[in-house]
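Thanks for making the time this morning.

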Amino acid sequence: MISTDERSCPTPTFIESIRSTYDVEQEIDRILTRKMLTRSGPGYVAVPLQNLVKGIERLIRSEIGDKFAIANARWLQGGASKIQAAFELEWDGPDGTTPQVTSMVLRMDPPAGIVETSRMREFQVLQMIERHVPAPTAFWADSTGEYLPQPALICGFVTGVTKPSQRMANVSGVGTNFGSDELRAELGAQFVGHLAKIHTAVPAPDQLTAFDRPELNSSGIIRQINWWRRVWEEDRVEDLPLIDVAANWLISHAPRLDHVSLVHGDYRSGNFLFDEADARITALLDWELAVLGDRHQDLAWATSRYFGHYHEDGETFLASGMLPIEEFFDRYEQASGLPVDPERITYFRIFNEFCSTVHMLATARRVAKHSKTHQDIVVAWISMIGPIVLSQLRDHLEEVMS
């Protein structure tokens with residue numbers, strides 16, 4: 001039995017025992033090991049904006065030299081996992097010959113977040129996917145925190161809103177209501193079309209080098225299951241036997257990959273921006289959980305009960321607040337040329353609930369308890385959803401195991 005104290009102040013022996021138990025991707029191992037090595041350090045302390053700007057300057061200088069200036073630096077609100085700031089960069093552009101002012105965003109890790117992910121992976125995904133769907137332009141990454149207080153990346157600033165401006169805000173896109181059938185139809189068609197493009201995009205050999213690519217016909221999901229089993233063992237604050245039951249079921253029923261897709265990992269309402277004037281999606285956001293794997297992971301998440309709601313008719317459930325689930329799947333099949341397998345949808349609903357339970361009842365609770373993030377209140381609120389997700393996980397396991 002591993003004590004709570006050993007998780008709070010992990011020893012080298014504990015860290016190595018966890019690493020040797022769970023086989024995960026190389027970059028994920030690096031990120032999770034770093035988390036444990038720094039866990040006993042201080043909690044979140046606000047970084048003065050001027051100090052953050054100095055770190056941004058150091059990073060940019062290492063990439064393009066001294067010919068630039070930063071203006072209008074300011075904090076950005078929103079997001080439960082990253083510290084974000086916006087600024088204008090006066091420089092000669094990517095080609096070094098075209099003077100311009102570019103709006104940019106810094107995304108930096110807090111001392112600990114609700115999910116520990118790789119800024120290098122996020123950076124590489126943004127570099128690849130921008131040619132296929134609207135996404136922020138990736139400029140530079142500080143994947144180890146060499147220039148900034150924590151690992152970070154710099155990307156382009158994109159205008160837009162996550163919900164109609166007259167609607168009430170929901171935390172993290174939960175139950176976003178877009179208000180009108182016309183807007184739902186416009187956004188829904190784009191939302192599905194972009195997902196099809198993501199899942200059929202083929203990375204070049206020199207892209208996504210921070211990812212381990214699973215083989216066709218392999219049980220590629222096993223390493224992802226190990227990822228979240230490892231996080232549970234590192235972060236949990238209590239025993240929950242249902243987690244082991246879920247992990248064992250997921251491993252024993254792991255489907256074989258029929259197509260290797262880039263999976264967004266958090267594709268849903270709340271994670272895209274759109275222009276209210278023309279109902280055009282301007283950017284798909286929050287790529288930090290991206291993996292190479294099974295498309296059904298995104299399909300199950302985007303159509304889950306957590307991010308949708310019932311239409312005003314009281315009968316039709318709208319996936320991510322936009323489309324009925326069957327219409328969502330039909331449109332996806334037409335756009336992607338890939339089939340939607342109901343059994344895999346069921347499997348990945350359970351997988352997603354398993355991961356969410358780990359996020360909420362292990363990591364979020366620990367991070368909020370030890371004041372490790374700038375969003376303690378939001379993270380604590382997210383942790384309170386954990387029992388609801390755990391109940392859904394239990395119910396779905398009972399259904400498939402009966």
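This is a predicted model: local features need pLDDT of at least 70, side-chain atom pairs count only at pLDDT 80 or more; totals for chains, interfaces and linings use all residues.

Let me begin with M384, which counts as exposed because its relative accessibility is 57%, where exposed means over 50% relative accessible area, buried under 20% and partly exposed in between, with a 1.4 Å probe and protein chains only. Residues are numbered from 1 along each chain as its sequence is written, and side-chain values use heavy atoms, with hydrogens and water left out.

M384 belongs to helix α12, residues 376-384; helices here are DSSP runs of H or I with at least four residues, strands are runs of E with at least two, and both are numbered from the N terminus. Together with V174 and W381, M384 makes a nonpolar surface patch of about 280 Å². Such patches take residues with over 30% relative accessible area and no salt bridge, joining nonpolar side chains (Val, Leu, Ile, Met, Phe, Trp, Tyr) within 5 Å and like charges within 9 Å.

Which residues of α12 are buried? They are V379, I382 and S383, and they lie on the same side of α12 because they cover an arc of only 100° around the axis, the arc being that of the directions from the helix axis to the C-beta atoms. The cover over the buried residues of α12 includes α11 (342-369) and α13 (386-401), with contact meaning heavy atoms within 4.5 Å. On the other side of α12, I377 and M384 are exposed.

Let me turn to the charged pairs. A salt bridge is a side-chain nitrogen of Lys or Arg within 4 Å of a carboxyl oxygen of Asp or Glu, and the count by this rule comes to 36. One of them joins the side chains of E25 and R121, at 2.8 Å from N to O. That pair links distant parts of the chain, 96 residues apart, with E25 in the loop between α2 (12-21) and α3 (26-38) and R121 in helix α5 (residues 119-129). E25 is buried at a relative accessible area of 8%, and R121 is buried as well, at 2%.

A second salt bridge brings together R230 and D29, again at 2.8 Å from N to O, and it links helix α7 (residues 222-235), which holds R230, to helix α3, which holds D29, across 201 residues. R230 is buried with a relative accessible area of 0%, and D29 is buried with 16%.

R236 and D239 also form a salt bridge, their closest N and O atoms being 2.4 Å apart; R236 is buried at 10%, whereas D239 is partly exposed at 45%. Salt bridges that share partners join E16, R19, D29, K35, R39, R230, E234 and D235 into one network.

Finally, the whole chain. The protein chain has 13 helices and 12 strands. Its radius of gyration is 21 Å, close to the 21 Å of the globule rule for 402 residues, so the chain is as compact as a globular protein of that length; the radius is taken over C-alpha atoms, and the rule is 2.2 Å times the number of residues to the power 0.38. Buried residues make up 54% of the 402 residues.

Methods. Accessible areas come from the Shrake-Rupley method with a 1.4 Å probe; for residues, only the protein chains shown count as cover.
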